[in-house]
Amino acid sequence: HGEIWFLNSCSLQPEKEEDLLSELQGFPWRVCGVAETWRAEAEEEYETESGHLFIGSGGVSGQRGVACLVHMHWKERVVSWKAISDRLLRVDFRFGDVRLRLLVVYMPTQAQSLDEVVDLYRQMGLELAAARRSGWEVVIIGDFNAVVGTRQSEEEQDWHGGFSLNQRRNDRGILMASWAEAQDLRIWNTFFEKDEKQMATH
């Protein structure tokens, strides 16, 4: 969705927030998920100088951390949030009769063990199942540190839109693809064409 954005900041200290928000001006953003905030606070919620809402889930200074910046025009739509870990944040929105649950995730890199990756997928699966039982629409944004690559068969067309950088699927991409298919999710950035300057993990 054009109003929901995501980026990896490699550190988002308070003094850098307004710089990021200035960069977002001119784009139709309403929510921007952020990974690698590197903030020590386990839970944060406050209004930025420019009137937007910052919600953070951290825990270790200089490592990991995720956050959600909510535009001033949407901040009244936030009904609740939960800092699940320094890799997973949940934010709930209400738009009339529509309830939207947003998960912001930062997956372990290749330097971390596969067990850590599997455990985070397990946590997301629990969040997704609980949301669906309660009638919430769910969007997951984040840095999955995975390469899904090209569509490998027509059977994948339900969740893979066919666009990629023609990269081969790596082992974390195989896991991501299997999980998305099992959870009946679409990997949205395979549904529109991008140039190489706009892509890293996909």
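Because the model is predicted, local features need pLDDT of at least 70 and side-chain atom pairs count only at pLDDT 80 or more, while totals for chains, interfaces and linings use all residues. Residues are numbered from 1 along each chain as its sequence is written, and side-chain values use heavy atoms, with hydrogens and water left out.

- Strands β2 and β5 run antiparallel and are joined by 5 bridges; two strands are said to pair if DSSP finds at least two bridges between them.
- Within this pairing, Cys-32 stands opposite Leu-69 in β5.
- Helices (H or I, at least four residues) and strands (E, at least two) are DSSP runs, numbered from the N terminus.

**Helix α1 and its two faces**

- Helix α1 spans residues 14-24, and its residues Glu-17, Leu-20, Leu-21 and Leu-24 are buried, where buried means under 20% relative accessible area, exposed over 50% and partly exposed in between, with a 1.4 Å probe and protein chains only.
- These residues lie on the same side of α1 because they cover an arc of only 100° around the axis, the arc being that of the directions from the helix axis to the C-beta atoms.
- The buried residues of α1 pack against β1 (4-8), β2 (31-35), β3 (44-47), β4 (53-57) and β5 (66-70), contact meaning heavy atoms within 4.5 Å.
- On the face of α1 turned away from its buried side are the exposed residues Glu-15 and Glu-23.
- Just after α1, Gly-26 takes a positive phi of about 95°.

- Strand β8 (residues 98-106) pairs with β9 in the parallel sense over 7 bridges, and Leu-100 has Glu-137 as its bridge partner in β9.

**Val-117 in helix α2**

- Val-117 is found in helix α2 (residues 114-133) and is buried, with a relative accessible area of 3%.
- Leaving aside neighbours within four places in sequence, Val-117 is in contact with Met-107, Pro-108, Arg-172 and Leu-175.
- Val-117 and Met-176 are 59 residues apart in sequence and 9.7 Å apart in space, C-alpha to C-alpha.

**Cysteines**

- The count comes to 0 disulfides, a disulfide being a pair of cysteine sulfur atoms within 2.5 Å.
- The closest cysteine sulfur to that of Cys-10 belongs to Cys-32 and is 14 Å away, too far for a bond, and Cys-10 counts as partly exposed at 42% relative accessibility.
- Cys-32 is in no disulfide, the nearest cysteine sulfur being that of Cys-68, 8.1 Å away; Cys-32 is buried, with a relative accessible area of 0%.
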